[in-house]
Amino acid sequence: MNLSTHYDQALVHVKNTSFATSRSDDPIVSVFESTIRYIGGMLSAYELGGMRDEDVTIPWQQVDSKNRQPNRDNAETTLADAGSLIIEMGRLSIYSGDQRYVQLATKTMMALREGPQVLPGMPGLRIDVAHQIQNDTLVTWGGGSDSYFEYLLKDDLLTGQQVYSDAWNIAVESSLRVLRETSTRGNVYLADMYKGRLSSQASHLKSFAGGNLILGGRHFANETIFQAGLDLTRASWQSYNSTATGIGPESYSYVPQNAHNSSVPADQKDFFEAHGIAMLAADYYLRPETIESLFYAWRTTGDTLYQDQVWEIFLSLEAHYRTPAGAFFGRIDVNDVDSPLLDDTQESFFFAETLLYTYLTFSDDVSLDEWTQGWCGGDTSQHEHHRQAMPAPSLERTLRSIRTLLESGDFYAAHQKYRTSAARLLKGPVGKGAPGHWDGPAQQAADILFEGSRGLLEKGEIGSGTDLGLYLLEVWSTRSVPCTDAERGKVKQLVALAGSSGTWRKSLMDTAISWTAKVSGSPSGDAKLHEAFGQALANEQDYVAAEPHLLASGSSDAAKTLAVGLYAWSINDPTGNQGVGRYAARGVLSLLEASFIEAARSFLAQFLALLLRAQPDLRLQAMPLKGDSFSDTSSPDEFILTKIPSLNFLQLAIRTCQIGAGEALIAPPSGAGRGMGRAAWQALVGRYEREVPWLRLPDVAESRAHLAELYFGIAPPRKGNDMLSGLMSSLFGGGSGQSASAGRPAVTGGSLD
């Protein structure tokens, strides 16, 4: 009848049925009936199944090498055992000319990809080989499953085809949607799931996932996956950064945010309080996975932080895991520098992967683009590129000569050679695309410019280093390179190295923002760069320079930093509390005009907290308001009645704009249906215009009119000048280009409230 689906379902049912006890009220069981029904039925199913070795799609996990037969005593295999053969078998078929190898492995991969899935793209960990059944409900990125997901991605990187990477993308999407958890310490992990329930555990083997997502995210130009890979890698590093030996444990648990039921073993409570994880297995087997992920993070972002972390791991291995004889062994407890060795074994993967990825992190001869163009067998966990992974010999010789000049102190010559080497690459024909194509030579030129800029800045040659940094930004702009974490990380490095003296750093900041504005289509540029620049300037107390960046970021954290700066200015205002409302308005109105409602709330909550902590007598009453979709824990939804009318107005203005924004989502563009918000806004302005005279000033009135149109559909007469600039000029009488050391911007006008 060819009812194979029904047959498979029945096998699963029989396998999961216990015949040890009877579910009948009568405990007496017939031997005859049990024999002909149960035993006979299972024997018939076995014979009908025709389970001959040549019909096996999922291979046996072990082989009896003496008898040259599968080890049938072990009838179970794992997802990783079965799904980590395609790369080696594929290469073997190419080199031997015998297609049977790749055909068998392909059969297995297709069975796993198209068979039962616990989550989309994610089969269960264990497989019944004897019956060729995938019936496990445990999914994990850890041991037993790990290399299956690795091979889905890397086989396609090797072959240049897209056979399995669709399954990889589906598995990653499922994992980020269902398995991703953020711990109470803010670290990101991929939980295990068994029978639909998450298990908040991490492991050394699972830490490869960060690098896997970094590599896949970069290959598919998927920023979400790439960022998730970086987040996972940072969490893995934290497990290393938590122990006495500087090495992470074999496995550990964490507590996810908003966990209702979480328990930490009594003997781990102190360690958990200090580091946010509890060790489940404290041993270390010289595993490479965390170093591998840090290698990918360094090579894709250019952030030397990841290099530093690999170096710290290497020093820890040298200090605590190397014996007097020179060999390396694992230890029983990573949190005890005197713990005994695990055993008298030095795993081969320690050389093939742990030390390899350490070397690659610091080698200047390795290009990640070439490294990931193809993979081959050999030691099959690290898949050394089948071609030597280094730049063209002539270019590499040039770079070595430039580095020699740099180290010898001939900075002028080094600067000129870095510049001309990059220019030579950029002059050549650009790929097969349109002019300005982001091809291999252009990428090499960008790498050269970044290396030169960073090297010169580190040597204190700020002008020359900045010049190469600006050239790099010009290349990214003309070649329309998008701003991802990789580019963002490089810019932040160069800006940090440029220092605060002179105008060099400002040139880098301004040019970086111009580049991101061009490639992103956002007039204000990249929000994350704005926040990084603003926070850095604010840390130096230069709030005048920080303010436009913090405003353009639109994040709650940036808004809080801005509040600290504007409050600091208000303290020294000669008008005292009369002027405090205008400092608050500078932040609130600007953020509202940019549609950053949550940032405006965060700003004002921080501003009020600072003011009322210093002058608690200004506080009259706190009144909770009904929660809404904009609220967060950093800006609780309450109205604080103060003695300063302008602060009361600003609080109510934010909430009223919130109402208007909500009504705009469901109301037509004409403005009909916005009645409640519009009426509330008009009543609010009408009342406080009488109590707060500066609300009637022309530029402030124009700002109010803009908010009325933006949030409530009230079309005002409009002027041609820039409202935000006008508002700032009116409120503070200029101040552009001043530094904090030169004093706050002057406030003009008389009574403010």
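An open sheet of three strands runs in the order β6-β9-β10, with antiparallel pairing. Strands here are DSSP runs of E with at least two residues, helices are runs of H or I with at least four, and both are numbered from the N terminus. Two strands pair if DSSP finds at least two bridges between them. The model is predicted: local features need pLDDT of at least 70, side-chain atom pairs count only at pLDDT 80 or more, and totals for chains, interfaces and linings use all residues. Residues are numbered from 1 along each chain as its sequence is written, and side-chain values use heavy atoms, with hydrogens and water left out.

β6 (138–139) and β10 (197–199) form the edges of this sheet. Each has a single partner strand, so one side of each lacks a neighbour in the sheet. β6 is joined to β9 (residues 192–194) by two bridges, and the two strands run antiparallel. V139 has M193 of β9 as its bridge partner.

Strand β12 (residues 251–254) has antiparallel links to β11 and β13. Three bridges join it to β11 (residues 201–203). S203 is bridged to S251 of β12. Four bridges join β12 to β13 (residues 277–281), again antiparallel. Here Y254 stands opposite I277 of β13. Buried means under 20% relative accessible area, exposed means over 50%, and partly exposed lies in between, with a 1.4 Å probe and protein chains only.

Two helix pairs were examined. Axes are lines fitted to C-alpha atoms, for helices over the stretch in contact, and angles between N-to-C directions run from 0 to 180 degrees. Angles under 35 degrees count as roughly parallel, over 145 as roughly antiparallel, 65 to 115 as roughly perpendicular and the rest as oblique. A crossing is right-handed if the near helix is turned clockwise from the far one by less than a right angle, and left-handed if anticlockwise.

Helix α19 (residues 485–498) and helix α21 (residues 527–539) cross at roughly 20 degrees, and their axes come within 11 Å. The two are therefore roughly parallel. Their crossing is right-handed. D485, R488, V491, K492 and V495 of α19 meet K528, L529, A532 and F533 of α21. Contact means heavy atoms within 4.5 Å. By class, five of these residues are nonpolar, none polar and four charged. Ala, Val, Leu, Ile, Met, Phe, Trp, Tyr, Cys and Pro count as nonpolar, Asp, Glu, Lys and Arg as charged, and the others, Gly among them, as polar.

Helix α27 (residues 675–691) packs with helix α28 (residues 698–712) at about 165 degrees, with axes 10 Å apart. α27 and α28 are therefore roughly antiparallel. This crossing is also right-handed. G677, R678, W681, V685 and E689 of α27 make the contact with R704, L707, A708 and F712 of α28. Five nonpolar, one polar and three charged residues take part.

Two single residues complete the description. L652 lies in helix α26 (residues 645–666). It is partly exposed, at 27% relative accessible area. Beyond its neighbours within four places in sequence, L652 contacts F639, L684 and Y688. Its C-alpha atom is 9.5 Å from that of A680, 28 residues apart along the chain.

P116 sits in the loop between α5 (100–114) and β4 (126–128). P116 is partly exposed, at 47% relative accessibility. Residues up to four places away in sequence aside, P116 touches P123 and Q134.
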